[in-house]
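Please examine the sequence and the structure shown below.

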Amino acid sequence: MTWLAVDWGTSRLRIWKNGNRDALIETDQGMNVLGADDYAPIIAAHDAEIAVVCGMAGARQGWREAPYSTVPCTPHHAPLTFQSGRTRVHILPGLSQSSPADVMRGEETQIAGFLALNEGWDGVICLPGTHTKWAHVSAGEVVSFQTFMTGELFALLSEASVLRHTLRQGHAPEAFADAVDTAMSRPAAIAAQLFRLRAENLLHDLAPDDAYARASGLLIGAELAAAKPYWLGQQVAVIGTGQMADNYAAALAAQGAAPARADATDTTLAGLKAAYEAL
């Protein structure tokens, strides 16, 4: 039997045949460019009996809406199941929280995968991204979670604000660490601190890569200050790869949190496999 592990994101589609990490098919056929009738032919082209799908295919604007499961609950509840040609499709639901209101779709599969790879783990999982998630996990359940738009705010500042003239991506760990400390101690002042980057560039030739690192550090530091009730004194894991995940891990380590690291692809695939095995 052929089955597909499918991660349907907003901008990208990833498919692993039979859950094989080396059999990855990746395209730009994300939800943003698809209509509801476009999903079925894409799945049919892979000629599989079963497809286990996470991510935005289950969103209201996706293929078919898979209603959220409400926390506290396990990361994966019963999927939305239907027949599409010869393929039995199982779309995994996202998670919702009533108060304070919050939602996630796709990250729950990474959480499920992390727990499958780390049996019995309790603590807080940080999933950096455009909308970073902090999830409190206990006894195999997501107890609560919180979302921060830090990644999107940084993109807006660096691409659409006056700071676009000042920031240039580069590696400046000391500038980043200093900015995290500044924001952690005075989070209410980050708006002033951000404009100061522009002024220092004009008046004192602040290097654009230092400005970039400081802007990132200010925003992540403010997030860590707000999320402190989640991670302080807890076992913490960061799921993700690349500079953003490295920055979160470094910022947490500087606060004494000593986070464990996990690869986003490994946890996504492990979560899809766990869902398949549970069917």
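L153 counts as partly exposed because its relative accessibility is 42%; buried means under 20% relative accessible area, exposed over 50%, and partly exposed in between (1.4 Å probe, protein chains only). The model is predicted, with local features requiring pLDDT of at least 70 and side-chain atom pairs pLDDT 80 or more, while totals for chains, interfaces and linings use all residues. Residues are numbered from 1 along each chain as its sequence is written, and side-chain values use heavy atoms, with hydrogens and water left out.

L153 lies in helix α3, residues 150–160. Helices (H or I, at least four residues) and strands (E, at least two) are DSSP runs, numbered from the N terminus. Together with M149 and L156, L153 forms a nonpolar surface patch that has about 280 Å² of accessible area. Such areas come from the Shrake-Rupley method with a 1.4 Å probe; for residues, only the protein chains shown count as cover. Patches consist of residues with over 30% relative accessible area and no salt bridge, where like charges are joined within 9 Å and nonpolar side chains (Val, Leu, Ile, Met, Phe, Trp, Tyr) within 5 Å. A salt bridge is a side-chain nitrogen of Lys or Arg within 4 Å of a carboxyl oxygen of Asp or Glu.

The next topic is the sheet. Six strands form an open sheet in the order β3-β2-β1-β4-β7-β6, with mixed pairing; two strands pair if DSSP finds at least two bridges between them. The edge strands, β3 (24–27) and β6 (80–84), each pair on one side only. Strands of a sheet pair through backbone hydrogen bonds, either parallel or antiparallel. Strand β1 (residues 3–8) is antiparallel to β2 (residues 13–17), over five bridges, and L4 has K17 in β2 as its bridge partner. Strands β1 and β4 run parallel and are joined by six bridges; here W8 is partnered by G55 in β4. Strand β4 also runs parallel to β7 (residues 87–91), with four bridges, and V52 stands opposite H90 in β7. Because six of the six residues of β4 are buried, this strand is largely enclosed by the rest of the structure.

Finally, N18 is placed in the loop between β2 and β3. With 41% relative accessibility, N18 counts as partly exposed. Leaving aside residues up to four places away in sequence, N18 touches M1, T2 and W3, where contact means heavy atoms within 4.5 Å. The C-alpha atoms of N18 and A101 are separated by 36 Å, and the two residues are 83 residues apart along the chain.
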